[in-house]
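I opened this structure for the first time today and kept notes as I went. The entries follow in the order in which I looked things up.

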Amino acid sequence: MKFLEKEINKSPLFGLNGSDTIKSLQINAFKEFTRHGFPNRSWEDWKYSDFSLLNNMSFRFGLRKNISTLPNPFPEINNSNRIVFFNGYYQKDLSSISNQISIETIGETYKSNPELIHEIFSPHANPFHNINSAMINTGLTIIVNDNEIINEPIHIINYTSDIDEPIMNHPLFIMKIGNSSEATIIEHYYGSTNIEYWLNAVTKIELLKNSSLNHIRLQEDGNSSYHVADTEYILEKDAKLNAFHYVSGANKYRQNINVNLNDIGASSSINSLCLSKLKQQHDHFITVNHLKEKCISNQLFKYILSDASSGIFNGKVIVKKDAQQTNAKQTTRNLILNDKAVAHSNPQLEIYADDVKCSHGSSTGQLDDNAIFYMRSRGLDFKTAHLLLINGFAKEALKIISEKNINQYVNEQLSYWLENTGVT
Amino acid sequence: MLEIKDLKAAIKGKEILKGINLNVNNGEIHAIMGRNGSGKSTLANIIAGRDSYEVTDGNILYNNKSIIDDTPENRALEGIFMSFQYPVIIPGVNNAYFLKAALNAKRKHQGKPELDAVKFLDLIRKKLKIVGMGEKYLHRAVNDGFSGGEKKRNEILQMITLEPNLAILDETDSGLDIDALKIVAEGVNKYRSDDRAIIIITHYQRILRYLEVDHVHVLIDGRIAKSGGEELAETIEEKGYGWLDS
Ligand SMILES: Nc1ncnc2c1ncn2[C@@H]1O[C@H](COP(=O)(O)OP(=O)(O)O)[C@@H](O)[C@H]1O
Ligand SMILES: [Mg+2]
């Protein structure tokens, strides 16, 4: 905690360009955090994710560096608008974006929409959200105006590399999709370093009436990093969210996802593919709130767990009294590749309306020996049979990605991961 | 082609096969009949190389070489094929992709060039016709959502595509209506040649009406209790298995 105190006013965004109101909100958020500190196992909602180890560590903000050529390796997704952050700093030379899309700094958003920033910086139940408010050092706002169809995906890359001491980043991303607009946004975290770092992201995504968003979140941070995220989706009337969350990076990862189906006819589908190996820990905590009638929500979370990794899923779908004719489904599937890997899945339903269609389920299993033998008996070797079967398991989650280039990117990452994960 | 010598096998310590002797030559069709639980599928699976069965004694020679220590994939590449009594669903693995991968693995093993997508499609369209399957089956996951009959046809499709030398059909005729049965029988007849052999495991004489079988064996409690010609199948259809119990 000490290191945070030392760094709080060193953030380039502290006070968002000198506002005292914001500074006091930030100091307040920090106080809120210090009341309880980092979550540990004794916190019910953090039972499997002990982050008290951050107490004994020390992170600083990275040094500003402007780069003129894409770092290598670079996770290219073809035909995308591109926004690059390098160790938390926006890279103008590497970014290019169509003028159909408005981009603001968080400081600018504070000027145009102070209430929104006030709301985000107010005390929050999630301690990492409070830390993000206090320490915010990077991020941006993407606004798609009303009635705009953005065909090319918007690819935001948070690239961490070339550091010689542990750094931290607390980005805030705000995305607003205007009435009857359509867009695809890729929120991408990518690390190419073995040095420990800490990424603590807050993302707030608003889908206005009748809009439609494909949100692709790719978490490929370095294997010795810590990644914590708080992602909130707010859907207005008839808005449609298709989200895909790919997770393969970080040593310890925790994401809180909140979905608020605020008005009639909103629909949200979130699929996730989570690939875990070594001692990685990947934890999702998701709450879906059905507030009004005729909304649809779907979650399909698939974990592939190798070595001594663990995959954690806590999901809660809450159907409020007014949310009649809700259609909600939550599913987790864990594929265990090694006896030392563990899965904890806990999907829950909380229903206060009576005319609803809700289901939830979870399953944990290993590769089907019958299927492996079947494939081998057709001449496929042991390894090919395993890879095909694991790939087949993952495929279901990938169906939600309609954009070809993104689909191809994720498939390549998956194949690469499988090739480098011991199939025994 | 196939020589089984005094084969004994167990599952989880329980002896299932108690000394099987069987010779199958090129060009022959053998039928193996027997009650449920007599060990027919066990025998088929052991020939195909499933390692959950423990071979405790005896040997299996294929083209004069013991295959007892071979992997299932090696046996397949060398020309052994088993049509599963219960074909397995492989979620998320596309049927065409699977078949193409299997065919190319075999072609590679034979030193032939692999087929590209276009050539494969040409080939598979012809094969689909033989078993009366539409192209939609290519785009589905292997056996996923297939009816019992569709699964069995898919097995025959694999057989006539991979062109094995020894095909073992484990109750491929069970649960088929008469039309499907004829299609399967026709697939087998088309596949049949002087340098190939077939072992048909069945409960019924039905399918044997469409095929010319050279030998019929009756398996009782892990042993071949009687062997004969086609007339043995008819006798069993009339009298059942009781008269063979010792
Ligand atoms: N996986 C298994 N575990 C335990 N027993 C088995 C297993 N598979 C088969 N058996 C037993 O082996 C015997 C022979 O089975 P099987 O070969 O399937 O007979 P068939 O195909 O002639 O009906 C039966 O008694 C059956 O219960
Ligand atoms: Mg059987």
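**Entry 1: the sheet in chain B.** I began with strand S4 (residues 54-62) of chain B, which pairs with S5(B) in the antiparallel sense over two bridges. Two strands count as paired if DSSP finds at least two bridges between them. Helices (H or I, at least four residues) and strands (E, at least two) are DSSP runs, numbered from the N terminus. Leu61(B) stands opposite Ser66(B) in S5(B). The pair belongs to an open sheet of four strands, ordered S2-S1-S4-S5 (chain B), with antiparallel pairing. Strand S2 (14-24) and strand S5 (65-66) of chain B each have a single partner strand, so one side of each has no neighbour in the sheet.

I then noted that H1(B) lies across strand S1 (2-11), S2 and S4 of chain B, at about 110° to S1(B). Axes are lines fitted to C-alpha atoms, for helices over the stretch in contact, and angles run from 0 to 180 degrees between N-to-C directions.

**Entry 2: what I am reading.** This is a predicted model, where local features need pLDDT of at least 70 and side-chain atom pairs count only at pLDDT 80 or more, while totals for chains, interfaces and linings use all residues. Residues are numbered from 1 along each chain as its sequence is written, chains are lettered from A and ligands numbered from 1 in the order in which they are written, and side-chain values use heavy atoms, with hydrogens and water left out.

**Entry 3: the magnesium ion.** Which protein donors does the magnesium ion (ligand 2) have? I found Ser41(B) (OG) and Gln85(B) (OE1), lying 2.1 to 2.2 Å from the ion. Donors are N, O and S atoms within 2.8 Å of the metal (3.2 Å for Na, K and Ca); water is not among the atoms, so sites may look incomplete. Ser41(B) lies in helix H1 (residues 40-48) of chain B and Gln85(B) in the loop between strand S6 (80-83) and strand S7 (90-94) of chain B, so the pair ties together parts that are 44 residues apart in sequence. Both Ser41(B) and Gln85(B) are buried, buried being under 20% relative accessible area, exposed over 50%, and partly exposed in between (1.4 Å probe, protein chains only).

**Entry 4: cysteines.** I counted zero disulfides over all chains, a disulfide being a pair of cysteine sulfur atoms within 2.5 Å. For Cys358(A), the nearest cysteine sulfur is that of Cys295(A), 12 Å away. Cys358(A) is partly exposed at 22% relative accessible area, whereas Cys274(A) is buried at 1%.

Notes. Contact = heavy atoms within 4.5 Å.
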